[in-house]
Structures are given as C-alpha cells and as structure tokens.
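Subject: Structure handover

Hello,

Here is the structure, followed by notes on what was found in it.

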Amino acid sequence: MTAHTSPASAARPGRRPGTSTTRQAILTAARARFAADGFTGTTIRRVAGDAGVDASLVMQFFRSKNELFAAVMAVPADALTHFSDAFEGMDDGLGERVVRAFLDVWEGDARTSEPLMAMLRGAIVNEQANEQLREFIQERFFAAAVSSRNADADEGADADADAVDGDAMLRAGIVSSMLVGLVVGRGVVGVPTLAEAEREKLIMLVGPAVQSVLVPTP
C-alpha cells in the first residue's frame with residue numbers, strides 16, 4: 001500500500017441525483033481521504049470536492065467531521081471473519097496464515113482497508129479512532145487467538161484455562177503490536193524498504209517470528 005494516495009475527482013460540485021447515491025459518494029470520498037490524510041488533515045471541503053458535491057450537502061448528511069469519521073470507520077463484518085479464520089486449523093503454518101490475513105485485511109479491498117487506515121492515522125489525534133482501533137485489535141485479533149489456544153487446551157485434561165487465557169492474550173498482544181508496526185512502517189510512514197517489499201516476501205520473513213510467539217515451544 002502506498003503511503004499517500006490522495007483521492008481525485010473530475011466531477012464539478014453540485015447535487016447528485018438520489019439520496020442514497022449521494023451519501024455513498026460522500027462516504028467513499030471521505031473513506032479514501034481519511035485513510036490518506038488522517039483525521040486532522042481531512043476537511044469537509046476536501047471531501048466535498050472529491051465527491052463532486054457542495055460542502056453544505058456533506059453537512060446535510062453528516063452534521064460534523066466527527067460524525068462523518070464515525071460513519072467511515074465501519075468495517076464490513078464479512079471481511080473481518082477472514083482474519084478470524086486464519087486461526088483455524090493446525091499450528092503448522094499459523095504464523096504465515098496470520099500475517100497473510102492481517103495484510104489482506106489492512107491492504108486489500110478498500111471497503112476494509114481504508115476504514116482501518118483511517119483508524120490508524122486518526123488514533124493519534126482522535127479518541128474515537130483510538131477507541132475503535134483498540135476494539136478492533138482486542139475483539140478481532142485477541143479474541144481469535146485466545147479462542148484458538150483454548151481449543152488446543154481443551155484437548156489436555158490438566159490444562160489450566162486461566163493460565164492459557166493470560167498467556168494467549170499476552171502472545172496475541174505482542175503479535176498485534178508487531179503487525180500494526182509493520183502496517184505503520186509500510187503504509188503510514190512509508191519506509192521505502194517496507195513499502196516497496198512484495199507481500200509474499202514479508203509473509204515469508206515475518207511469518208516464522210509470529211509463529212514463534214503464538215505457538216509456545218514445549
């Protein structure tokens with residue numbers, strides 16, 4: 001993913017026919033703009049220009065930039081199940097599956113990746129984005145990892161469920177920090193060696209490190 005992809009629009013400002021069409025055009029433009037410029041750098045006027053409508057029309061649908069941002073950060077539920085599915089199956093190859101799914105979610109379809117990038121860029125200056133990002137990591141990454149570890153623990157009669165929960169949460173926290181850091185370096189800061197690296201190369205390099213954290217060595 002490139003560090004900055006400013007939305008462009010050739011349309012002249014004005015009213016688009018159809019309420020739902022207009023609202024969707026504004027959301028699409030805002031999602032790309034927030035993902036590229038962050039919360040602070042995005043303005044209602046810029047979003048309106050990208051959507052080809054008047055700024056006053058944006059305010060008719062969304063009463064403030066905060067309200068527009070909240071609408072933009074909705075991540076499709078069907079896309080998030082793809083990430084949870086990475087934890088299903090055998091431990092062999094778990095690290096690579098998790099890294100691949102993480103990059104797929106953060107760098108894949110714009111419907112999913114742009115809200116997440118908007119959260120990431122906005123988390124520094126916007127408490128709502130910070131909370132949304134924490135919830136995404138907690139509910140999607142941590143929960144999936146803990147559920148996976150608990151399923152393995154259930155196979156052992158002497159397993160301590162509380163110990164497994166605590167250990168799995170810590171391991172998931174370490175891995176999520178690693179992967180969010182990778183996305184920041186690749187898509188926000190735009191470190192050249194990371195931004196230009198092929199995804200399969202990153203998966204091959206990072207997968208074993210994630211594997212070593214998620215799967216305890218006996």
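R100 and E200 form a salt bridge, with the closest N and O atoms 2.6 Å apart; a salt bridge here is a side-chain nitrogen of Lys or Arg within 4 Å of a carboxyl oxygen of Asp or Glu. This pair links distant parts of the chain, R100 being in helix α6 (residues 94-107) and E200 in helix α11 (residues 199-214), 100 residues apart. Helices are DSSP runs of H or I with at least four residues, numbered from the N terminus. R100 has a relative accessible area of 31% and is partly exposed, and E200 is partly exposed at 44%. Buried means under 20% relative accessible area, exposed over 50%, and partly exposed in between (1.4 Å probe, protein chains only).

Some notes on conventions. This is a predicted model, in which local features need pLDDT of at least 70 and side-chain atom pairs count only at pLDDT 80 or more, while totals for chains, interfaces and linings use all residues. Residues are numbered from 1 along each chain as its sequence is written, and side-chain values use heavy atoms, with hydrogens and water left out.

Other salt bridges

The structure holds eleven salt bridges. In one of them, the side chains of R199 and D104 meet at 2.7 Å, N to O. R199 counts as partly exposed at 26% relative accessibility, and D104 is partly exposed with a relative accessible area of 26%.

R31 forms a salt bridge with E114, the closest N and O atoms being 3.4 Å apart. R31 lies in helix α1 (residues 19-41) and E114 in helix α7 (residues 110-122), so the pair ties together parts that are 83 residues apart in sequence. Both R31 and E114 are buried.

There is also a network of salt bridges that links R33, D37, R46 and D50. D50 is in helix α2 (residues 44-51) and counts as buried, at 13% relative accessibility. The side chains of D50 and R33 are joined by a polar contact of 2.9 Å. A polar contact is a pair of N or O atoms within 3.5 Å; within protein, one must be able to donate a hydrogen and the other to accept it, and residues adjacent in sequence count only if both atoms are side-chain atoms.

Aromatic rings

Five aromatic pairs are present. Rings of Phe, Tyr and Trp (its six-membered ring) pair if their centres lie within 6.5 Å; planes under 30 degrees apart count as stacked, over 60 as edge-to-face and the rest as tilted. The rings of F61 and F62 have centres 6.5 Å apart and planes at 40°, so the pair is tilted. F61 is partly exposed, with a relative accessible area of 21%, whereas F62 is buried at 1%.

F34, F39 and F69 form one aromatic cluster. The charged end of K65 sits over the ring of F39, 4.4 Å from its centre (the criterion is NZ of Lys or CZ of Arg within 6 Å of the ring centre and within 35 degrees of the ring normal).

Surface

I174 is found in helix α9 (residues 161-188) and counts as partly exposed, at 39% relative accessibility.

Regards

Key:
Helices (H or I, at least four residues) and strands (E, at least two) are DSSP runs, numbered from the N terminus.
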